[in-house]
Amino acid sequence: MKNKNILWRGELTTEGSLLRKGLAFLSGGISWLMIFLVLPGLLFIGVSFATRGDHGELIWKFTVENYQRLAGYSLFGWTPDYLLILWRSVEVAFVTTLVSVILAYPLSFFIASRPAKSRYVWLTLIIVPFWTNMVIRTYAWFYLLSPELPLAKLATALGMIPPDTPLYPNAIAVYLGMVSVFLPFVVLPLYSSVERLDWALVEAAQDLYSSKIRVFMQAILPQTAPGLSVGIILTFVPAMGTFVVPDLLGGSKYMLVGNLIQQQFGSSRDWPFGAAVSLGLMVLTMISLQIYNRKGKEIEVL
Amino acid sequence: MDTHKDKNLTIKNMVKTFGKVEVLKTVNQEVRAGEFFTLLGPSGCGKTTLLRIIAGLEIPTSGSVILGNDDITSLPANKRHVNMVFQSYALFPHLTIYENIAFGLRSRKINADEIKRRVNEGIEMLRLETLKDRMPDQLSGGQKQRVSLARALVNEPDILLLDEPMSALDAKLRAQVQEELRRLQRKLGTTFIMVTHDQDEALVCSDRIAVMNEGQIVQCGTPEEVYDYPCNKFVAEFLGAANMLKAKRVDGGVETELGFFALDKIPDWNEGLVTIRPEWVKISENKPDHNGVLATVEDSVYRGTNFDLFLSPGNLRVRTSSYKHFRTGDKIWIELTASDLVALGD
């Protein structure tokens with residue numbers, strides 16, 4: 001059976017040879033994923049149930065204490081601190097994604113409406129920030145938000161901050177930094193959808209008495225949904241775990257789950273708890289994506 | 001309810017430029033309420049632009065669109081009681097056929113019972129009963145077109161615009177749809193304005209045809225008028241009159257290489273062109289009583305229902321329903337009737 005000749009995409013071969021060839025092609029990628037993703041992942045789950053030694057070493061003794069701690073239970077009773085950090089991370093990721101999407105739509109339409117030649121100039125401008133390290137880009141905000149520059153002066157004039165203080169560390173600074181980091185991740189996939197937009201559908205919606213909102217919901221959103229989905233996932237997932245931006249621009253008061261994890265593996269030397277928090281973040285991310293999947297479909301039906 | 005049936009459409013001094021290109025050069029035209037009006041012309045003649053201006057999808061550079069007594073030039077598309085059948089049909093891919101047809105009514109927030117009644121009416125009118133729960137990508141071209149028609153017509157528009165509605169259909173279906181469109185228009189009494197580059201389509205469907213070229217309406221009239229009396233070479237050629245004879249004006253008619261012809265209407269030029277349609281040239285094997293010319297068959301093309309013969313002198317194309325097969329080199333007599341000759345203007 002395996003040695004029967006078959007025709008596969010114009011090539012005369014046997015099933016056995018096809019199978020061997022297929023496995024050879026797949027083995028590289030599969031072993032990469034096994035060694036660098038699946039095994040460390042399983043190890044991580046194991047670590048999250050292990051115990052921290054007095055000097056930060058790992059003791060392979062089963063405990064659920066790490067998860068209890070994450071849920072807020074400790075020797076001194078229940079506190080919502082860690083849950084709040086988790087919730088705040090979801091909130092920051094959500095708002096960052098939302099603002100990026102709101103900004104990305106007009107930007108994508110603007111670029112798509114340029115003549116073919118200058119489109120690449122605009123796209124390059126979107127990509128240019130990637131040429132610089134994220135830490136350096138975030139530090140640049142220190143300067144932009146410093147008291148001498150218009151942004152802080154404006155905030156002072158509006159009575160938001162006292163005179164001669166920088167516009168950081170605070171939530172606004174975190175959002176400014178986050179959106180500037182993640183905007184390109186939404187614009188690029190969204191642009192690829194907008195570029196292929198069938199304008200006849202937009203015109204049909206207009207011709208059929210639609211308000212601007214209805215034109216967007218019925219003619220533009222369904223067509224750009226593929227690009228938008230990619231953008232939302234590319235933003236929301238990393239934004240949940242980001243720590244550089246909130247660490248630098250948010251100050252110590254604005255701790256997010258990314259900072260918490262970094263702390264456990266860094267200064268606190270508490271790997272088991274760090275692993276538990278990481279897994280908590282992963283579960284939360286998956287739940288969020290699941291909600292997005294369901295809600296996304298509902299919106300499209302609207 | 002039927003007030004929309006007496007709204008004439010007037011296009012006044014319409015000019016549209018895209019950058020430096022003048023797409024429409026001062027178009028003036030009236031479309032009467034309830035007529036099937038066709039804009040016929042080659043691609044790039046501005047016919048689609050004119051249609052889009054009427055729909056409100058394009059803003060004219062100058063000039064106005066008047067519907068009934070209202071100037072609607074600056075009214076946005078979603079406020080105009082004018083609906084369009086798009087060339088690509090533009091059905092919403094995420095909505096069922098039923099929802100596609102209901103789209104305009106839902107936009108206008110018409111009450112649910114009325115929407116149901118009108119959509120079902122539209123579904124029945126265009127025989128879409130079995131398709132109403134399907135998605136657009138499950139439909140054939142002809143079915144999509146009927147959905148697109150229903151989607152526009154359930155809004156009971158003052159004017160229905162059709163942008164090359166049959167360009168995506170195969171030839172057989174096209175003939176069928178032409179007749180159906182015409183029947184539908186007669187039944188509803190709605191003004192239809194269609195854009196096409198296909199003369200057959202225009203002749204079959206229309207009450208009146210406006211032939212366009214280079215941003216202007218060259219001639220407007222009933223299909224018979226435009227077909228029988230083309231005003232110039234462009235219209236004559238576009239409507240398939242392939243025979244152009246150089247002529248000199250003489251007393252009481254014109255002199256051509258095929259002889260003298262007395263014309264009812266003496267042209268206002270001294271030298272120009274006269275045309276005769278291929279199917280109007282009579283042929284016979286015996287010398288006719290008058291105006292007979294002996295010609296040689298240069299080529300003959302079989303077209304199923306007829307032969308097209310190419311004759312010299314005069315480089316004439318003659319369409320004959322005769323079953324007699326002529327061969328290259330055959331000598332035949334042709335007879336041109338003076339009343340079938342049309343002198344063309346510039």
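Let me start with the open sheet of four strands in chain B, which has the order E2-E1-E4-E5 and antiparallel pairing. This is a predicted model, so please hear everything that follows as computed from it. The edges of that sheet are strand E2, residues 21-31, and strand E5, residues 70-71; each has a single partner strand, so one side of each is left without a neighbour in the sheet.

Inside the sheet, take the pairing of E1 with E4. Across E1, E2 and E4 of chain B lies helix H1(B), which runs at about 120° to E1(B).

Strand E11, residues 243-250, and strand E12, residues 253-256, run antiparallel and are joined by 4 bridges. Along that pairing, B:Ala247 stands opposite B:Thr256 in E12(B), and B:Val250 has B:Gly253 as its bridge partner. The hairpin of E11(B) and E12(B) has 2 residues between the strands, and B:Gly252 in the turn has a positive phi of about 80°.

The next hairpin takes E12(B) to E13(B), through 2 residues. These strands also run antiparallel, with 4 bridges between them. B:Thr256 turns up again: its bridge partner in E13(B) is B:Gly259.

On to the contact between the chains. Chain B contributes 25 residues and chain A contributes 16 residues. The area buried between them is about 1800 Å², and carbon and sulfur atoms give 59% of that. On the chain B side, the residues that lose the most area to chain A are B:Asn78, B:His94 and B:Phe103, together 31% of what that side buries.

What about polar pairs? The interface has 11 residue pairs in polar contact, both residues at pLDDT 80 or more. Three elements of chain B each give two or more residues to the side that touches chain A: helix H1 (47-55), strand E6 (82-85) and helix H2 (97-107). H2(B) gives the most, with 4 residues. By type, that side of chain B divides into 12 nonpolar, 8 polar and 5 charged residues.

How many salt bridges cross the interface of chain B and chain A? The rule finds 1. It is formed by the side chains of B:Arg52 and A:Glu203, at 2.6 Å, N to O. For context, a search of the whole structure finds 20 salt bridges over all chains. B:Arg52 lies in helix H1 of chain B and A:Glu203 in helix H8 of chain A, residues 199-207, so the pair joins two chains.

That brings us back to H1: the helix that lies across E1, E2 and E4 of chain B is also among the elements on the side that touches chain A.

Key. Residues are numbered from 1 along each chain as its sequence is written. Chains are lettered from A and ligands numbered from 1 in the order in which they are written. This is a predicted model: local features need pLDDT of at least 70, side-chain atom pairs count only at pLDDT 80 or more; totals for chains, interfaces and linings use all residues. Side-chain values use heavy atoms; hydrogens and water are left out. Contact means heavy atoms within 4.5 Å. Buried area is the accessible area (1.4 Å probe) that two parts lose on being put together, summed over both. A salt bridge is a side-chain nitrogen of Lys or Arg within 4 Å of a carboxyl oxygen of Asp or Glu. A polar contact is a pair of N or O atoms within 3.5 Å; within protein, one must be able to donate a hydrogen and the other to accept it, and residues adjacent in sequence count only if both atoms are side-chain atoms. Ala, Val, Leu, Ile, Met, Phe, Trp, Tyr, Cys and Pro count as nonpolar, Asp, Glu, Lys and Arg as charged, and the others, Gly among them, as polar. Two strands pair if DSSP finds at least two bridges between them. Axes are lines fitted to C-alpha atoms, for helices over the stretch in contact, and angles run from 0 to 180 degrees between N-to-C directions.
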